[in-house]
Each structure stands twice: as C-alpha cells, then as structure tokens.
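Hi,

Here is the structure I promised to pass on. Have a look at it first, and then read my notes below.

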Amino acid sequence: MAAVLQVLPCVARAPFRPLLSGGPVVRQASGMALAEQAQQLFESTVGAMLPGPMLHRALSLDPGSGLLKVRDRSFQLRQNLHLVGFGKAVLGMAAAAEELLGQHLVQGVISVPKGIRAAMEHAGKQEMLLKPHSRVQVFEGAEDNLPDRDALRAALAIRQLAEGLTADDLLLVLISGGGSALLPAPIPPVTLEEKQTLTKLLAARGANIQELNTIRKALSQLKGGGLAQAAYPAQVVSLILSDVVGDPVEVIASGPTVASVHNVQDCLHILNRYGLRAALPRSVKTVLARADSDPHGPHTCGHVLNVIIGSNALALAEAQQRAEALGYRAVVLSAAIQGDVKSVAQFYGLLARVAGAHLTPPGTAASVEQEEQLHQLAAELQLPDLQLKEALETVVGAGGPICLLAGGEPTVQLQGSGKGGRNQELALRVGAELGRWPPGPVDVLFLSGGTDGQDGPTEAAGAWVVPELASQAAAEGLDVASFLSRSDSHTFFRCFRGGVHLLHTGLTGTNVMDAHLLLLRPR
C-alpha cells in the first residue's frame, strides 16, 4: 500500500502553527498541545539567532562619539566603515548592520544564495531586506549551494573592495553557513571548474570536510585567511554565524579571515592518500609549487577580530530558558550531535525509554541493561560535550515535565530515490524507535528541525513524532520501514495525517544547524 501511496498525490493540511504564548505545561493535556509547545521551543531557537538580535548583542555604536564597540574592543568610525559578507544568513545580517551603522557605512558587497531576496519579500520579512538606496551591492549565486560563475563574480568584487582599503579603514565581514560556496575565487591559472572537479573527486574517494577545506584554502585567493590578507592594512572585524559543530572559525566558510595552519606538504599528503597527485591539472601543480616557494612564508591575521555571534549552543540556551518558562525541567544534552542518523535515532529512542521510566512509578522502569545500552550508544557516537549523566540525574529528581535539548548535524546515507531531509529522516526513525518501547504512563514527543527553515530539498524545516506514529501510520496504509528504505521521509509525512506532523517555518534568514527536542510529561 505504501508503494502505491508514494506515487499518489497526498493532500496536505494547512501547516500546523505553534501558539505564540502559553500557560504552564501542566495545564496542557492533549498531544497536540505538546506539539504546540515543542514548536514554540523550536521557534525560540530560531528567534534568538535572527540577524537583528544577534547584531545588536555583538555591536553597539555611540552616535555622539562614533565609537563602535565589538565585545570588549572599540573602533573609531569616521565614515570609514566598509562591509562584505557571504552566506545564507548574510542578507538579513547586512540589513541589520546597515540599520545600526548608518552613515558610517561607506560601501559594501555581499554574496547571498540565488533567489533569497525574492523569497524574503514573498514571506513579508522586510527586516531581512536592504533599503532601496542601500550602499551595499548584492550578488546572488551558488544555486543549489554549489559554486558558480555568479558567486565567482561576487567573490572578485569582494576581493576588489578589500584590496582598496587603507590603514584608516575598518572592514566588517559578515559570515554564515553556505559562505564557502558563495566565495569561490581560485588562484589563477586554476579555473573554477578545475577546482570543483578536484573537490568532487576527493569527496567521492572519502575525503572528510577538514581535508576538503585544506585543499580549497590552498587553491583560493580568499579562503584560509586570504580575505584578511587582501584587506591589510585595514582593521578587520569578522562577525560569524556558526553552522559547524564546535564553532571552529578556521572551518566556517573555509576561514577567510583566519590564517591557515596548513602548508603545501599537507595538501600533497592528502592528494597522495586518495591517489590524485599524479592526475592533477597543470594549473593546480603550478599554484602549489608557487605557494611552496613563497618567500613571505605563512600569512598572519593579527589585524583581525573574529567573533562568533550565533551558534547552535547559544540557540539551545535560549530554548532552555523558554522551556523552563513553560514549566519544564530543561537540560541541554549536546550542541555537537553527529554521526549516522540511524545511530542517533536509536540513541534518542532509548533515551526516551530510560528517561520516561525514571518519571513513572516503580514497575515501569527501564531495565539496567537498557540504561547500559544507552551509555554504550552514547560512547559510540563520541559526542564531546554530551551531558547524559547530568540529564538523567535531572530526570530522576524532576517528578514532572522534562525537556531534553540537543543540536548538530547527523548524516544520512541516501538509498532509493525518495525525497526527504536529515531532520525528517531523523524524526521518522525516532518515531519508529519510540514505537518499539511502550512509554508507559508518560507522554513523549520528539521534534527535529533545521534552523534555516529548509530541510533538504523540501519546504519543511523538519517534523515531530510520538510513540503512536507507526501504529497510526499502519492504520492509514503507510509502512514506516518502506519509506525509510527509500529515504522518502518527506513523502511519508506529507501523506501521514495530511501533513500535520511537518514543521513549516519558511526560510528563517538564519542557520545554526539543527535543533532536536525530546519532551516527556507524566500523565
């Protein structure tokens, strides 16, 4: 039946919208009320990371003296401020910066995803748009998050602006996720196509993100500190919205304002490891040989201040406060969830079982074996900041509603030709896991959503599930396992209950990876 439903159109209901406010959770009884609160909490993670609030937390300008404060540093503005930016959230960041900095901003160039201005206009998000007579020039490119000719033109315009600065100038750099694809500027004679081909070959042979970034930086005019070098001797302030686990500034957008710690020998080791050194284009060999003989040695970035202004951890902290205001005992488990989505789903399913047992009377307790299995799964996932012991201790002492929060980016191994995204896939897998462990007298809900509002090639940000999902789906003729075998989670959620379990926010204008919420409430 599921295979038939895959090709039949599923009529989705209007997207379920969360309430904007609510009383204590103990007054809410239905599963839908729990879903409303979960979506409120998700929206609080997004709201805290919107460009306006973020910029105002990081920057303050004294209009009288023209003194700009960035955290604990001060810069004197005298109509000497220039702006560049690149990334999925940079349009809104630039709009907020221009509003704050006013006439001190001389000029700017930003590189943003193709179609983002039209999308923000359509969504009525005027605060994410630059003013009609803005001094900031906008380039749109990197369709489907791939470097292209439009993004290359933007990168060259950014380089030209940076190279024209003097010691009296201040360059404000805005960076967010997606920035690497929006800032492609290969060192001649390497072409954009040659660099893309090499990157794809490395990825296909199993190179990890650190190895890919090492090669990208070595062949780039702007990455690996190249933008900071181009702007010298101007002062540079880089405001970074992190979409990378652990917030390593040298990795986010390939570190255009962070000096690279890698050299040519590192690149050659990587190319040798994947059997690509002999097949390198002549242009790549030329650039690597030139860098190896650079008499100036490695560049430094002492004139740069890099500041993380938004991250998954900061977003989860905001959701934690919101959950406590709703009557939950809230714990942040981790802001570094990584690993295969199947293992992550097993972890959350078992966590719900163990935590739920601690919230219910004796007789429904999870076995010692299940608790040991949970800790073993956690060890296998190797999450550096996992607060599992603390979370379970909080659950034991709670006696009431619990909210466990986490974030990061699990990985999905695609199979079949379905349509989905990692958040919908994770939610569906957790739903299946919850169905395997009867929760006893406790309501359980799991939500996974992408903070950028777009999960994979879909219009949904993610989805939410409850333990009854698999049995309810079966009653509708939907086989969860069949949809998972095709990586077809989005089709499942569109069909299941008319799409009410999908999380719809629209493009948010920010991006700090994914947020996961596990709510448990004793009946």
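Let me start with a helix you can find quickly: α15 (residues 388-398) lies across β10 and β11, running at about 165° to β10. Contact here means heavy atoms within 4.5 Å, and axes are lines fitted to C-alpha atoms (for helices over the stretch in contact), with angles from 0 to 180 degrees between N-to-C directions. Helices (H or I, at least four residues) and strands (E, at least two) are DSSP runs, numbered from the N terminus.

Some ground rules before going on. This is a predicted model, so to speak of local features we need pLDDT of at least 70, and side-chain atom pairs count only at pLDDT 80 or more, while totals for chains, interfaces and linings use all residues. Residues are numbered from 1 along each chain as its sequence is written, and side-chain values use heavy atoms, with hydrogens and water left out.

**Overall layout**

The protein chain splits into domain 1 (24-48 + 313-522), domain 2 (63-184 + 221-259 + 296-310) and domain 3 (186-219 + 261-294); these bounds come from an automatic or database domain assignment. Between the C-alpha centres of domain 1 and domain 3 there are 39 Å.

**The mixed sheet and its core**

Back to β10 and β11. They belong to an open sheet of six strands in the order β10-β11-β15-β12-β13-β14, with mixed pairing. Its edge strands, β10 (329-337) and β14 (502-503), each pair on one side only. Two strands count as paired if DSSP finds at least two bridges between them. β10 and β11 (residues 402-408) are parallel and share six bridges, and Ala330 stands opposite Cys403 in β11.

Another helix, α13, lies across β10, β11, β12 (442-450) and β15 (514-522), at about 25° to β15. What does the largest nonpolar core look like? It has 51 residues, and Phe347, Tyr348, Leu351 and Phe492 have the most contacts inside it. Helix α13 (residues 341-358) gives the most to this core, with 10 residues. A second, separate core of 43 residues includes Leu81, Val112, Met120 and Val307. (A nonpolar core is a set of buried Ala, Val, Leu, Ile, Met, Phe, Trp, Tyr and Cys residues joined through side-chain atoms within 4.5 Å; buried means under 20% relative accessible area, exposed over 50%, and partly exposed in between, with a 1.4 Å probe and protein chains only.)

Leaving aside neighbours within four places in sequence, Tyr348 is in contact with Ile337, Ala406, Leu426, Val430, Phe446, His516 and Leu518.

**The parallel sheet**

There is also an open sheet of six strands with parallel pairing, in the order β6-β5-β4-β7-β8-β9. The edges are β6 (136-141) and β9 (304-310), each pairing on one side only. On average, neighbouring strands of this sheet are turned by 15° against each other, direction ignored. Six bridges link β7 (residues 170-175) with β8 (residues 235-241) in the parallel sense, and Leu174 has Leu239 in β8 as its bridge partner. Helix α3 (residues 51-58) packs on the sheet, touching β8 and β9, and its direction makes about 135° with that of β9. Helix α6 (residues 149-163) lies across β4 (81-86), β5 (105-113), β6 and β7, at about 155° to β5.

**Two hairpins**

β1 (residues 59-62) and β2 run antiparallel, joined by four bridges. They form a hairpin with four residues between them, and Gly66 in the turn has a positive phi of about 70°. β2 and β3 (residues 73-76) are antiparallel too, over four bridges; their hairpin has two residues between the strands, with Arg71 at a positive phi near 55°. In β2 (residues 67-70), Leu68 and Val70 make up the covered face, and Leu67 and Lys69 the uncovered one.

Is Thr214 buried or exposed? Thr214 is buried, with a relative accessible area of 6%. This residue lies in helix α8 (residues 209-218). Not counting residues up to four places away in sequence, Thr214 touches His262, Asp266, Cys267 and Ile270.

Cheers
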